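Subject: Structure handover

Hi,

Here is the structure I promised to pass on. Please open it and keep it beside you while you read.

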Amino acid sequence: MHEISIVRNVFETLQETYPDKFERITKVQIEAGLLSNIQPILIQNAFEALIVEEPALAEIELEVILLPIIAHCDACDRDFEVKRHKFVCGCGTPSKNIVQGEELQISRIEFLENQL
Ligand SMILES: [Zn+2]
């Protein structure tokens, strides 16, 4: 299953990046472009499965934001949204110059406030 390795990878990255603060993470937001074929429900299912292995992760909320596909048209020098895999600008010029839609990245992390 593709999604479980993505989720595992996200938390491994966070563990490496924030070794001191990892336990205080309350929320993680992931941005996934539509071309990455990420399905939020499958990510949530994979996260549930990972929590069974690592119960400490149950404290964390995981949110997936889907980003639309945006391509750039050189003819009119504008960005346009690609819908239904139609890579054609409003001006009629085809373009596969993708500027957004392939990414899969951690976009936001929230930590529990320091408690004195
Ligand atoms: Zn155009």
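Below is what I found, from the whole chain down to one residue.

First, a caution: this is a predicted model.

**The whole chain**

The chain has two helices and six strands. Follow the sequence and you get the pattern α-β-α-β-β-β-β-β. The radius of gyration is 18 Å, while the globule rule gives 13 Å for 116 residues, so the chain is more spread out than a compact globule. Its C-alpha atoms fill a box of roughly 60 × 35 × 20 Å along the principal axes.

Buried residues account for 34% of the 116 residues. The accessible surface is about 7,600 Å². Carbon and sulfur atoms hold 48% of that surface. Now take the contacts between residues at least 6 apart in sequence: 68% of them join residues at least 24 apart.

Three strands make an open sheet, in the order 2-1-6, with mixed pairing. Strand 2 (61-67) and strand 6 (104-111) are the edge strands, and each pairs on one side only. From one strand to the next, the twist averages 20 degrees. Strand 1 (residues 25-33) pairs with strand 6 in the antiparallel sense, over seven bridges.

**One residue to look at**

Find Q29 in strand 1. Which residue of strand 6 stands opposite Q29? It is R108. Is Q29 buried or exposed? Its relative accessibility is 15%. The cut-off for buried is under 20%, so Q29 counts as buried. Beyond its neighbours within four places in sequence, Q29 is in contact with E63, I65, Q105, I106, S107 and R108.

Best wishes

How values were computed: Residues are numbered from 1 along each chain as its sequence is written. This is a predicted model: local features need pLDDT of at least 70, side-chain atom pairs count only at pLDDT 80 or more; totals for chains, interfaces and linings use all residues. Side-chain values use heavy atoms; hydrogens and water are left out. Two strands pair if DSSP finds at least two bridges between them. Helices (H or I, at least four residues) and strands (E, at least two) are DSSP runs, numbered from the N terminus. Axes are lines fitted to C-alpha atoms, for helices over the stretch in contact, and angles run from 0 to 180 degrees between N-to-C directions. Buried means under 20% relative accessible area, exposed over 50%, partly exposed in between (1.4 Å probe, protein chains only). Contact means heavy atoms within 4.5 Å. The radius of gyration is taken over C-alpha atoms; the globule rule is 2.2 Å times the number of residues to the power 0.38. Accessible areas come from the Shrake-Rupley method with a 1.4 Å probe; for residues, only the protein chains shown count as cover.
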